[in-house]
Amino acid sequence: MTKTSRTLKKEIETLGKVSSTIVSEMYLEDILKIIVAMTAEVMGSKICSLMLLNEKGDELQLAATQSLSKDYLNKANVKVGQSISGRAVSEKKPITILDVKKDPKYMFPEIAKKEKLCSMLAIPLMVKGKAIGVLNCYTSKKHKFTSREIKLVSAVGNQAAIAIHNRKLMEEKESLTSKLEERKLVERAKGILMKKEGLSEEESYRKMQKQSMDNRRSMKEIAETLISAQIVTPQ
């Protein structure tokens with residue numbers, strides 16, 4: 001088997017592993033850690049990291065990396081308009097830098113020197129035409145990333161973006177289900193107070209709200225307590 005064939009086989013295996021990982025039932029944090037680790041391995045990267053946009057969409061924050069460097073792990077968030085990673089996000093296209101230590105846009109030259117980082121590839125994570133983060137790969141020596149390498153990391157980035165998007169959709173669905181459940185319980189508890197104490201709907205809600213504040217418990221917990229008491233001692 002030629003070197004090219006071995007490289008191609010390794011790339012295909014990596015993409016297969018990434019695909020299997022994103023459909024697993026692992027926590028998103030663990031999925032992203034595995035993705036950056038596999039990307040670093042197949043690319044021979046010194047450091048590989050995945051950064052996500054904050055809620056305001058103006059900063060990128062580190063979400064996963066295979067690096068054990070405390071300096072890199074603790075580095076500050078980067079502004080979208082003031083960094084190489086941010087440029088990849090704002091322009092929605094891959095960005096390559098031959099030597100980050102000499103690029104004025106790179107925000108952490110001291111870390112680059114200490115960790116011996118040189119060339120950088122930043123791939124935006126895209127979901128439905130919108131950038132949600134970036135996948136970064138660093139080498140320890142000057143390296144001109146080939147179109148094949150860029151396509152490979154882009155493919156991994158797309159998989160990561162899908163995993164993040166799907167997990168957020170799942171969390172939103174779970175949150176909505178939880179809110180609907182709480183609303184049903186509160187309505188039921190209000191009905192109990194209205195019948196038992198002759199209160200209006202508004203008075204019942206205010207009483208539950210006061211109990212929630214006084215006891216530092218959620219409205220759901222107050223409602224569950226009222227319902228349980230009603231079941232134990234039916235009127």
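Me: Is A63 buried, partly exposed or exposed?
Reply: This is a predicted model, in which local features need pLDDT of at least 70, side-chain atom pairs count only at pLDDT 80 or more, and totals for chains, interfaces and linings use all residues. Residues are numbered from 1 along each chain as its sequence is written, and side-chain values use heavy atoms, with hydrogens and water left out. Buried means under 20% relative accessible area and exposed over 50%, with partly exposed in between (1.4 Å probe, protein chains only). Because the relative accessible area of A63 is 29%, A63 is partly exposed.

Me: Which residues is A63 in contact with, leaving aside its neighbours within four places in sequence?
Reply: A63 is found in strand β2, residues 59–65, where a strand is a DSSP run of E with at least two residues, and a helix a run of H or I with at least four, numbered from the N terminus. Contact means heavy atoms within 4.5 Å, and with those neighbours left aside the residues that A63 contacts are L32, L50, M51 and L52.

Me: Is T65 buried or exposed?
Reply: T65 also lies in strand β2, and its side chain reaches the backbone nitrogen of S67 at 3.1 Å. The relative accessibility of T65 is 14%, so T65 counts as buried.

Me: Which residues of helix α4 are buried?
Reply: Helix α4 covers residues 84–91, and its buried residues pack against β1, β2, β4, β5 and β6. Those buried residues are I84, S85, G86, A88 and V89.

How values were computed. A polar contact is a pair of N or O atoms within 3.5 Å; within protein, one must be able to donate a hydrogen and the other to accept it, and residues adjacent in sequence count only if both atoms are side-chain atoms.
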